[in-house]
Amino acid sequence: MGIIKLLAPEVVNQIAAGEVVERPVSVVKELLENAIDAAATQITVVIEDAGLKEIRVIDNGMGMTGEDAELAIARHATSKIRNAGDLDRVATLGFRGEALAAIASVSRLTLITRTAEMIAGTRIVVEGGEKKQVTSIGCPHGTQVIVRDLFFNSPPRRKFLKSIQAEKAAVADLLSRFALGYPEIALNFYSGKRLSLATPGQAEPIEIACILYGKEAKDNFLEIFYEGEGVRIRGIVSKPQFTRASRHYQTFFVNRRLVRNYHLSRALESAYEGLVTSGHYPCVAIYLDLEPKTIDVNVHPTKSDIRFADPALVARALYRAVRNTLANYQTQRRLSHQL
Ligand code: ADP
Ligand code: MG
């Protein structure tokens, strides 16, 4: 008798969920990304108890048919790629087809969704990965996902979470980064009953910066633009005198994906070298667009880092984009002082 056994699908899902769903903020990120991929123009996020009691994400995107909604919560089910070749040209934020299944396996999840063409919507209730109920329901078009009692069935994960305050701060931080990344979307974020961030939609990055950092941001940012060697860079970077004592206010998007990347952070800092005092860092929101085949997005289950085929080329482009803008600004400032 062999001793090796295939694990039951629920167990496989729970193990996999550990990689995707580390904390409440991971759930919020996946649900936001799904809403964005569904072309939503309005997204509302509500968290109760830092998301441990409840996370609710409501979008006005394309919604799903009943049939698709049932598939959406299955593992490795996605509408975003069809085959391995598609991994080279991922144009959506999602592609792994595991977020909803992972979240559903460690929470009590309700999915309510309707496409614009359907008359009735669909409501699906899943508990700890087990489908409990599928019903027809009247609802606006778009999708609402409610995640309750996160990690109710995985006590170790719950135990290792940081304080409620820290989890809440992580969600608020994510929302402010998405607000910068998607100024065209109207985002509303409630922590409990309190509306803690609201963006109007159809805005420019600088308007979002003013909402996040106060009105004085308007005079303290410079716009950058660069195009060459297959890289396009846009964004806003703070003037050297508008710095913070932390790297926290630096947000990068590559092909609209929120990323943390060592090469980008380093290039940015070298562009500011000699202009800011040590221990002080600029505030930036930078958007890079590259040919999808020159980046690898499938590095980690949380999709928060990417690999560049040619990191040196991208770093050089970013350095130039920022350094040139800062140099022009310094020159203009000097000239205006001389007048
Ligand atoms: P992925 O985003 O990687 O495809 P998910 O598990 O996050 O995997 O979602 C599975 C599928 O469910 C998506 O491919 C999409 O077709 C559908 N879906 C999920 N969320 C939404 C949403 N908010 N609106 C419309 N469709 C959605
Ligand atoms: Mg997804």
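Residues are numbered from 1 along each chain as its sequence is written, while chains are lettered from A and ligands numbered from 1 in the order in which they are written. As the model is predicted, local features need pLDDT of at least 70 and side-chain atom pairs count only at pLDDT 80 or more, whereas totals for chains, interfaces and linings use all residues.

We may begin with the ligand. Around ligand 1 there are 23 residues, of which Asn-34, Ala-38, Ala-72, Thr-78 and Gly-94 come nearest; a residue is near a molecule if its C-beta atom, placed from the backbone, lies within 6 Å of it. Two or more residues of this shell are given by each of α2 (24-37) and α4 (99-105). Here helices (H or I, at least four residues) and strands (E, at least two) are DSSP runs, numbered from the N terminus. By class, the shell around ligand 1 has ten nonpolar, eight polar and five charged residues. Ala, Val, Leu, Ile, Met, Phe, Trp, Tyr, Cys and Pro count as nonpolar, Asp, Glu, Lys and Arg as charged, and the others, Gly among them, as polar.

Next comes a helix pair. Helix α6 (residues 164-181) packs with helix α7 (residues 205-213) at an angle of about 155 degrees, their axes being 8 Å apart. Axes are lines fitted to C-alpha atoms, for helices over the stretch in contact, and angles run from 0 to 180 degrees between N-to-C directions. The two helices α6 and α7 are therefore roughly antiparallel, a term for angles over 145 degrees. Ser-176, Ala-179 and Leu-180 of α6 make the contact with Pro-205, Ile-208 and Leu-212 of α7, where contact requires C-beta atoms, placed from the backbone, within 7 Å.

Helix α8 (residues 262-272) has Leu-264, Ala-267, Leu-268 and Ala-271 as its buried residues. A residue is buried if 20 or more other C-beta atoms lie within 10 Å of its own, exposed if 12 or fewer, and partly exposed in between, with C-beta atoms placed from the backbone. Seen down the axis of α8, the buried residues fall within an arc of 100 degrees, so they line one face of the helix; the arc is that of the directions from the helix axis to the C-beta atoms. An α-helix has 3.6 residues a turn, so residues three or four places apart point the same way. The buried residues of α8 pack against β12 (250-254), β15 (284-290) and α9 (311-338). After α8 comes Gly-274, with a positive phi near 85 degrees.

Most residues other than glycine have a negative phi. Ala-39, in the loop between α2 and β1 (42-48), has a positive phi of about 65 degrees and is exposed, with 11 other C-beta atoms within 10 Å. Lys-303, in the loop between β16 (295-296) and β17 (307-308), has a positive phi near 60 degrees but is buried, with 22 other C-beta atoms within 10 Å.

Lys-193 lies in the loop between β7 (186-191) and β8 (194-198). Its C-alpha is 8.4 Å from that of Val-46, although Lys-193 and Val-46 are 147 residues apart in sequence.

Key:
Angles under 35 degrees count as roughly parallel, over 145 as roughly antiparallel, 65 to 115 as roughly perpendicular and the rest as oblique. Two residues are in contact if their C-beta atoms, placed from the backbone, lie within 7 Å.
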